[in-house]
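Colleague: I would like to learn how to read the features of a model like this one, step by step. Could you give the general idea each time, and then the case at hand?

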Amino acid sequence: MAFPRGPAAAPSQRTAANDVAAIKQSLCDHMIYSVGKDPLTATSRDWFLAAAYALRDRLIGQWMRTMRGYYDHDVKRVYYLSMEFLVGRAMTNAMINLGIYDAFREAVGELGYDLDELQSWEVEPALGNGGLGRLAACLVDSMATLGIPGFGYGIRYEFGMFTQHIEQGWQVEAPENWLRYGNPWEFQRPGVMYPVRFGGRVVRYRDADGRWRHQWVDAEELMAMAYDMPVPGYGGGTVNNLRLWAAKSTREFNLKYFNQGNYIEAVRDKNESENLSKVLYPSDSTARGRELRFRQEFFFVCASLQDIIARFRRNHSSLEMLPDRVAIQLNDTHPAMTIAELMRILLDEHHLEWEAAWSITTRTCAYTNHTLLPEALETWPVDLFEQLLPRHLEIIFEINQRFLNDVRHNWPGDAEVLRRLSLVDEDGGRRVRMAHLAVVGSHSVNGVAQIHTDLMKSTIFADFERFQPGKISCKTNGITPRRWLLAANTPLAGLITSSIGDGWIADLSRLRDLVPLAEVAAFRRAFAAAKLANKERLAEVIEQRLGIPVSTASLFDVMVKRMHEYKRQLLNVLYVVTRYNRIRSNPSAFWLPRTVIIGGKAAPGYQMAKLIIKLINDIADVINNDPLVGDRLKLVFVPNYNVSTAEMIIPAADLSQQISTAGTEASGTGNMKLALNGALTIGTWDGANVEICEEVGADNMFLFGLTAQEVARERRAGWDSQAAIAANPELAQVLEMIASGYFSPEQCDRYQPVVDGLVLGGDPYLLTADYPAYVATQERVDLLYRQPEEWTRRAILNVARMGKFSSDRTVAEYGAEIWGVPAR
């Protein structure tokens, strides 16, 4: 048990003043009255909780004022519906946004503790997986910063996705029990509960006026309970809300079964209902897993819409005004059921006519697309809808019929267009196309990078673009500079602020003032020193956690993102083995030292991605223990990549790997975070890489490979991967080593599926097509890194020209052009 290392103040009445003495008093008061511990015997974890409660006090007042102001001024509100919110740790972000970070650090220090030590106890909320959730978190942060009345809606997953462990090189999933010790940032709202129904049947009847009505009856029911988390904007003037739903049973306990000794049956209904919000993205490899995910999507949509309408009706009696006071943004297809559920509410509960209900729905909803991969565009079996949401299926059929009637007027007799545009895919089993539903039911559809938007218009939504030209627009993604530079990279943020002032924190375009400093030798030295400090911190963590010593003099080559074949971690690995072979074949030559750092989770049911993780670790085991190679090449796989890990890795990166097959990555935000922190990008002509190049200049990046148009052409022609391999001896050697068991002698054929995918499977993501250009571009990377002054100059220019990629700019564009809610 730890004892205080400094004087403990006596408790007094709590105050929300922000001077050091008041904060110190708040900490001690909360230790006694909230944590229930004597400061003399409190542990550092207890002091973390006290600090969280003291900080929360300073959020609540402005939170209440913000919410009351929205009601008083009858503002239009933006509701951002997302299955993921990867918010990261809250403490540092809240302190920075409220402007009290330094005062808190001093107060904690006077109590004998280090703020970093206290912050290390904070568990990251397991509410997301990858870029989708991190984007949602950045956007709600920016809404608050810009004074936009924005609310996030999602699910309070009890166990998140999973904690990734690496055992003998394999990914092993364990429950991500982030709520084990509670969440000091959330407020449970037992008084905010809504029923959510599944199953049952639809009764059709005539009302007193002779009009046909529909009633959804005999459905099973569970409850959605709200949990609120405050979202402070920078400057603290606005504190918005993130509302998450937890599933609760309508029946807690069956006493009859309990008294009979059947304890499992006594709580069966409760457990089955509450399983719904247990896990993010249950595995879709089983029918039960797919059904659970379907239920999750409707669960949070249904609860959110009830909440939105209840809030709206406090001040308004007519639902005709809903689009004037409410904007609903659908983050990807997961919330697409919003269209059908809002129609059901308007038709069946408020008895609006179809045309009026449809007008309200389409003027209220907007849809953001995040993928061009056909297999990633959600579809659900008609049978599943019929079983669980029978009324919604009727509504979807009606939407489809009316929409296709309009299409027929434009293209009479064109059955193929009707087939492509139909909300129901009739091929290979009838399935509802959720992206089609979102497009048809929204007044605006947007991509998240210009190339992504252009490809949406020319590929997956080409017919929609012809039918409703102008409906699809681009809103290029962005990131919040408060978390991804100010908080994550204090050495660089401090240097920037001391050089050009702190205006960049709220207006990232001001980083342009750094451009002339790239030519100043003293600034370049200070910039390089900041990078070195971050590399030293990461190197220490890697050695402590993984037992792998890495040289901070080496180039830190970073690829951190969700594991997927289209993101091409495998291409990175092929180059690592190529480099390894070159070093071994000429060990006496000078080789620029390089540390390759990879991190990311594979979906539990994604066997190929999991096999690639194992391959990375097997290759790392050989390379890192080869005395002939030594420090000239290291390969590190960092387990359990999340926001907190990203905040350590990204500031230390020298090189940012963004090498997805052109035309597959919608945007990416990791590319933005890494460039903002001074990493040079090696990447393909994909996603936001293209726009980053337009901003920072082609000379300050390393772009290579096929364009999206060239990828499409090669696929149409039938890419001959075997010929490409035969024409490249180095690539052939690497694949032979992997296939023959060089890196897996205990199971020589372990990686045959990986090699077969490239050799016999047609190489769908064209690794063998881009490999020669990738290797040649890596040689350019080496040449430039051997010129440290020039490398640093270009890194500074990357930072200086990243102003466009602030999520503040993204949100301002959404507000002005889609939501009709201008920034403050």
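Modeller: Let us begin with accessibility: a residue is buried under 20% relative accessible area, exposed over 50% and partly exposed in between, with a 1.4 Å probe and protein chains only. By that rule Ser-285, which has 52% relative accessibility, counts as exposed, and Ser-285 lies in the loop between α9 (268-274) and α10 (287-313). Please keep in mind that this is a predicted model, in which local features need pLDDT of at least 70 and side-chain atom pairs count only at pLDDT 80 or more, while totals for chains, interfaces and linings use all residues. Residues are numbered from 1 along each chain as its sequence is written, and side-chain values use heavy atoms, with hydrogens and water left out.

Colleague: How many Å separate the C-alpha atoms of Ser-285 and Met-91?

Modeller: The separation between these two C-alpha atoms is 37 Å, for residues that stand 194 residues apart along the chain.

Colleague: How do the axes of helix α2 and helix α3 cross?

Modeller: Axes are lines fitted to C-alpha atoms, for helices over the stretch in contact, and angles run from 0 to 180 degrees between N-to-C directions. Here α2 (residues 44-73) and α3 (residues 91-98) have axes that come within 11 Å and cross at roughly 35°. A crossing is left-handed if the near helix is turned anticlockwise from the far one by less than a right angle, and right-handed if clockwise; that of α2 and α3 is left-handed.

Colleague: Which residues of α2 and α3 meet?

Modeller: Contact means heavy atoms within 4.5 Å. On the α2 side these are Phe-48, Ala-51, Ala-52, Leu-55, Arg-58 and Leu-59, and they meet Met-91, Ala-94, Met-95 and Leu-98 in α3. For the classes, Ala, Val, Leu, Ile, Met, Phe, Trp, Tyr, Cys and Pro count as nonpolar, Asp, Glu, Lys and Arg as charged, and the others, Gly among them, as polar. The contact of α2 with α3 then has 9 nonpolar, no polar and 1 charged residues.

Colleague: At what angle do the axes of helix α30 and helix α31 cross?

Modeller: The axes of α30 (residues 729-740) and α31 (residues 752-759) cross at roughly 145° and come within 8 Å. Leu-735, Ile-738 and Ala-739 of α30 make this contact with Gln-752, Val-755, Leu-758 and Val-759 of α31, and by class the residues divide into 6 nonpolar, 1 polar and no charged. The crossing of α30 and α31 is left-handed.

Terms used:
Helix = DSSP H or I, 4+ residues; strand = E, 2+ residues; numbered from the N terminus.
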